[in-house]
Amino acid sequence: MKYGEKIAAKIEELVKEKGVKRTKLGEILGAPKNVTAQRKYSKFNNFLNSVRKSKIDFQDLKKIADFLDKELEWFLAQESAGAFSINKNKTRLVPFLGPVKSIKNNSWSEKDVLDWLVYPVDAEGSDKIFALEVQSDCMTPNICKKDIIFVDPQFEGTCNNKIIVAFVKNYSEPILRRMLVRQDGTIELKCDNITCSSIIINPQENDMQIAGLVRQKLAKI
């Protein structure tokens with residue numbers, strides 16, 4: 001079940017538990033009281049369908065949460081505990097992408113999006129952040145296989161001693177490594193896992209393209 005579907009299921013379960021009419025929830029979402037019950041019903045159903053598709057209007061979700069006497073965080077909480085806590089009224093959705101080749105030159109499109117995940121607005125990062133699933137254990141124990149990472153393709157400053165996602169010549173898939181600038185000017189893409197090998201890059205040969213800086217991670221799902 002996708003993230004938006006989980007939120008919609010929570011809403012429906014709570015509505016059933018409290019015995020709230022959908023027409024009343026339509027009014028809460030802005031349907032005038034003098035319109036037909038069908039229009040009020042449709043107002044809520046359209047909202048719920050958008051949530052299922054992870055196209056969430058957080059202001060509307062907050063209205064529903066307040067009326068049902070629940071904190072917004074209760075609806076947004078994910079089954080896997082994240083590396084950060086969700087801050088009420090300060091969240092946004094970022095795309096969880098499929099084929100990782102689509103992140104090159106930030107060229108992904110809607111067809112590459114598998115789901116949408118919550119990211120705190122007040123956390124560091126640009127509005128271009130996307131999420132990927134880690135495909136190897138090269139960065140364990142800090143980042144493990146199947147973890148979800150949030151990658152920022154628009155970052156400022158140096159990446160020295162920071163974890164990046166990069167495309168490297170002769171590697172068919174993007175790699176996840178810690179970038180270290182060495183004294184001779186070459187770049188070492190180092191694994192935190194001591195059983196894995198580092199990659200040495202000569203910047204003058206243009207053998208590497210940084211896809212983004214890793215900002216956050218989620219635990220395994």
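The axes of helices α1 (residues 3–18) and α3 (residues 37–52) come within 7 Å of each other and cross at roughly 145°. Axes here are lines fitted to C-alpha atoms, for helices over the stretch in contact, with angles running from 0 to 180 degrees between N-to-C directions. Helices (H or I, at least four residues) and strands (E, at least two) are DSSP runs numbered from the N terminus. This is a predicted model, in which local features need pLDDT of at least 70, side-chain atom pairs count only at pLDDT 80 or more, and totals for chains, interfaces and linings use all residues. Residues are numbered from 1 along each chain as its sequence is written, and side-chain values use heavy atoms, leaving out hydrogens and water.

So who touches whom? From α1, the residues Gly-4, Glu-5, Ile-7, Ala-8, Ile-11, Glu-12 and Val-15 meet Phe-44, Phe-47, Leu-48, Val-51 and Arg-52 of α3, where contact means heavy atoms within 4.5 Å. The residues of this contact split into eight nonpolar, one polar and three charged.

Next, the cores. The largest nonpolar core has 43 residues, and Ile-7, Ile-11, Phe-44, Leu-61, Ile-149 and Leu-176 have the most contacts inside it. Helix α1 gives the largest share of this core, six residues. Another core, of twelve residues, lies apart from it and includes Ile-164, Ile-187, Leu-189 and Ile-201. A nonpolar core is a set of buried Ala, Val, Leu, Ile, Met, Phe, Trp, Tyr and Cys residues joined through side-chain atoms within 4.5 Å; buried means under 20% relative accessible area, exposed over 50%, and partly exposed in between (1.4 Å probe, protein chains only).

Leaving aside neighbours within four places in sequence, Ile-7 contacts Val-51, Ile-56, Leu-61, Phe-75 and Leu-76. Leu-61 belongs to helix α4 (residues 58–67), where Phe-58, Asp-60, Lys-62, Ile-64 and Ala-65 are among the buried residues too. After α4 comes Asp-69, with a positive phi near 60°.

Now for the rings: the structure holds two aromatic pairs. Rings of Phe, Tyr and Trp (its six-membered ring) pair if their centres lie within 6.5 Å, and planes under 30 degrees apart count as stacked, over 60 as edge-to-face and the rest as tilted.

| Pair | Centre to centre | Angle of planes | Class |
|---|---|---|---|
| Phe-44 and Phe-47 | 6.2 Å | 40° | tilted |
| Trp-74 and Phe-75 | 5.0 Å | 90° | edge-to-face |

Phe-44 and Phe-47 sit three residues apart in helix α3, about one turn. Phe-44 is buried at 0% relative accessibility, and Phe-47 is buried at 8%. In the other pair, Trp-74 is partly exposed at 33%, while Phe-75 is buried at 1%.

Over in strand β1 (residues 91–97) you'll find Pro-95, which is buried at 5% relative accessibility. Its C-alpha atom is 7.5 Å from that of Leu-114, 19 residues away along the chain. Beyond its neighbours within four places in sequence, Pro-95 contacts Trp-108, Val-113, Asp-115, Trp-116, Ile-129, Phe-130 and Ala-131.

How many disulfides are there? With a disulfide taken as a pair of cysteine sulfur atoms within 2.5 Å, the count is zero. For Cys-196, the nearest cysteine sulfur is that of Cys-191, 4.6 Å away. Cys-196 is partly exposed at 30%, and Cys-144 is partly exposed at 22%.

Conventions
Ala, Val, Leu, Ile, Met, Phe, Trp, Tyr, Cys and Pro count as nonpolar, Asp, Glu, Lys and Arg as charged, and the others, Gly among them, as polar.
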